[in-house]
Amino acid sequence: MHDLTGFQRDLLYVVSGLDDPHGLAIKDDLEDYYEAEVHHGRLYPNLDTLVDKGLIEKSAKDRRTNAYTLTQRGQREIEARRNWEQQYLE
């Protein structure tokens with residue numbers, strides 16, 4: 001996960017935590033957190049990067065909506081990151 005941007009890490013956490021992670025739900029959660037608009041031109045290329053890296057999978061939910069799910073590798077990366085952070089928080 002060391003090669004991801006902070007935004008890409010946030011995307012992983014949001015995809016992991018949502019019951020129905022699709023583009024607009026992910027965008028809404030990030031906008032709530034950032035308290036600013038997240039443009040499509042930033043969101044979708046970064047989601048595609050995470051797909052290319054094997055951290056999330058993308059599937060068609062319907063003709064207009066893609067669903068995103070965390071892969072096992074993505075889950076391992078999140079757990080490794082949490083363990084690394086925890087050593088500095090104790």
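Gly23, Leu24, Ile26, Lys27 and Leu30 of helix α2 meet His40, Leu43, Tyr44 and Leu47 of helix α3, where contact means heavy atoms within 4.5 Å. By class, this contact of α2 with α3 has six nonpolar, two polar and one charged residues; Ala, Val, Leu, Ile, Met, Phe, Trp, Tyr, Cys and Pro count as nonpolar, Asp, Glu, Lys and Arg as charged, and the others, Gly among them, as polar. The model is a predicted one, in which local features need pLDDT of at least 70 and side-chain atom pairs count only at pLDDT 80 or more, while totals for chains, interfaces and linings use all residues. Residues are numbered from 1 along each chain as its sequence is written, and side-chain values use heavy atoms, with hydrogens and water left out. Helices (H or I, at least four residues) and strands (E, at least two) are DSSP runs, numbered from the N terminus.

Two packed helices are described by the angle between their axes and the distance between the axes. Here, axes are lines fitted to C-alpha atoms, for helices over the stretch in contact, and angles run from 0 to 180 degrees between N-to-C directions. For α2 and α3, the angle is about 115° and the axes are 11 Å apart. The crossing of α2 and α3 is right-handed; a crossing is given this hand if the near helix is turned clockwise from the far one by less than a right angle, and is left-handed if anticlockwise.

Helix α3 also packs against α1. The axes of α1 and α3 come within 10 Å and cross at roughly 80°, and the two helices are therefore roughly perpendicular to each other. On this scale, angles under 35 degrees count as roughly parallel, over 145 as roughly antiparallel, 65 to 115 as roughly perpendicular and the rest as oblique. From α1, the contact draws on Phe7, Gln8, Leu11, Leu12 and Val15, and from α3 on Arg42, Leu43, Asn46, Leu47, Thr49 and Leu50. These residues divide into seven nonpolar, three polar and one charged.

The largest nonpolar core has 17 residues, and those with the most contacts inside it are Leu11, Leu12, Ile26, Leu30 and Leu47. Such a core is a set of buried Ala, Val, Leu, Ile, Met, Phe, Trp, Tyr and Cys residues joined through side-chain atoms within 4.5 Å. Buried means under 20% relative accessible area, exposed over 50%, and partly exposed in between (1.4 Å probe, protein chains only). Helices α1, α2 (23-34) and α3 (40-52) are the elements that give two or more residues to this core, and the largest share, five residues, comes from α1. Not counting residues up to four places away in sequence, Leu30 touches Phe7, Asp10, Leu11, Val14, Glu35, Val38 and Leu43.

One of these partners, Glu35, is found in the loop between α2 and α3. Glu35 is exposed, with a relative accessible area of 72%. Its phi is near 55°, a positive value in a residue other than glycine. For context, most residues other than glycine have a negative phi.

Turning to the other partner of α1, helix α1 (residues 6-17) and helix α4 (residues 72-89) have axes that come within 11 Å and cross at roughly 115°. The pair is therefore roughly perpendicular, and α1 passes α4 in a left-handed crossing. Arg9, Leu12, Tyr13 and Ser16 in α1 meet Gln75, Ile78, Arg81 and Glu85 in α4. Three nonpolar, two polar and three charged residues make up this contact.

Tyr13, in helix α1, is partly exposed, with a relative accessible area of 26%. Leaving aside neighbours within four places in sequence, Tyr13 is in contact with Ile78, Arg81 and Glu85. The C-alpha atoms of Tyr13 and Gly74 are separated by 9.5 Å, although the two residues are 61 apart along the chain.

On the α4 side, Gln75 is partly exposed at a relative accessible area of 28%. With neighbours within four places in sequence set aside, Gln75 is in contact with Ser16 and Leu70. Gln75 and Leu4 are 71 residues apart in sequence and 14 Å apart in space, C-alpha to C-alpha. Gln86, also found in helix α4, counts as partly exposed at 37% relative accessibility. Between Gln86 and Leu4 lie 19 Å in space, C-alpha to C-alpha, with the two residues 82 apart in sequence.
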